[in-house]
Amino acid sequence: MQAIYKKETHEDPESENNTYSNFTLNRDTQFCCEQFKTLCKKFTVWNYEQGKFAIVNKITYEGHSVQSIDFCPFCGEKIEYEDEDFPKMKKKKTKSF
């Protein structure tokens with residue numbers, strides 16, 4: 001599965017001369033399985049601060065913490081994360097003689 005996102009940098013309204021980044025998942029993302037796609041429609045699974053899919057790791061009175069994931073929790077397929085402005089170069093396979 002390939003998760004393509006766009007990184008946007010914004011000025012922080014709470015402090016002068018500071019910025020923060022927001023990672024937005026591409027709407028055309030092709031999910032690896034129907035279960036993961038359904039989960040993402042029902043719950044907030046994309047972490048806009050990290051640019052990765054995440055699951056809730058711990059819930060406390062102060063809030064919650066999340067754990068980013070690199071594999072689909074249902075089918076186990078590896079999730080490749082890629083910035084749409086800086087695509088990864090594909091390695092060419094070479095034959096050895």
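This is a predicted model: local features need pLDDT of at least 70, side-chain atom pairs count only at pLDDT 80 or more; totals for chains, interfaces and linings use all residues.
Strand S4 spans residues 52-60 and strand S5 spans residues 63-68; the two run antiparallel and are joined by 6 bridges. Within this pairing, Ile59 has His64 of S5 as its bridge partner.

The largest pocket has a volume of about 290 Å³. Its lining comprises 15 residues, and those nearest the pocket centre are Leu25, Phe31, Cys40, Trp46 and Tyr48. At least two lining residues come from each of strand S2 (19-25) and helix H1 (34-42). Helix H1 provides the largest share of this lining, with 3 residues. By residue class, the lining of the largest pocket consists of 8 nonpolar, 4 polar and 3 charged residues.

The second largest pocket has a volume of about 210 Å³. This pocket is lined by Leu39, Thr44, Val45, Trp46, Asn47, Tyr48, Glu49, Ala54, Ile55, Val56, His64 and Val66. The greatest contribution is that of S4, which gives 3 residues. His64, the bridge partner of Ile59, is among the residues that line the second largest pocket. Trp46 and Tyr48, which lie among the residues nearest the centre of the largest pocket, also belong to the lining of the second largest pocket. The lining of the second largest pocket divides into 8 nonpolar residues, 3 polar residues and 1 charged residue.

Note on methods: Residues are numbered from 1 along each chain as its sequence is written. Side-chain values use heavy atoms; hydrogens and water are left out. Two strands pair if DSSP finds at least two bridges between them. Helices (H or I, at least four residues) and strands (E, at least two) are DSSP runs, numbered from the N terminus. On a 1 Å grid over the protein atoms alone, a cavity is a set of points where a 1.4 Å probe fits but cannot get out, and a pocket is an open set with protein on both sides within 12 Å along at least five of seven lines; lining residues have an atom within 4 Å of a point. Grid points are joined across faces, edges and corners, and a volume is the space filled by probe spheres set on the points. Ala, Val, Leu, Ile, Met, Phe, Trp, Tyr, Cys and Pro count as nonpolar, Asp, Glu, Lys and Arg as charged, and the others, Gly among them, as polar.
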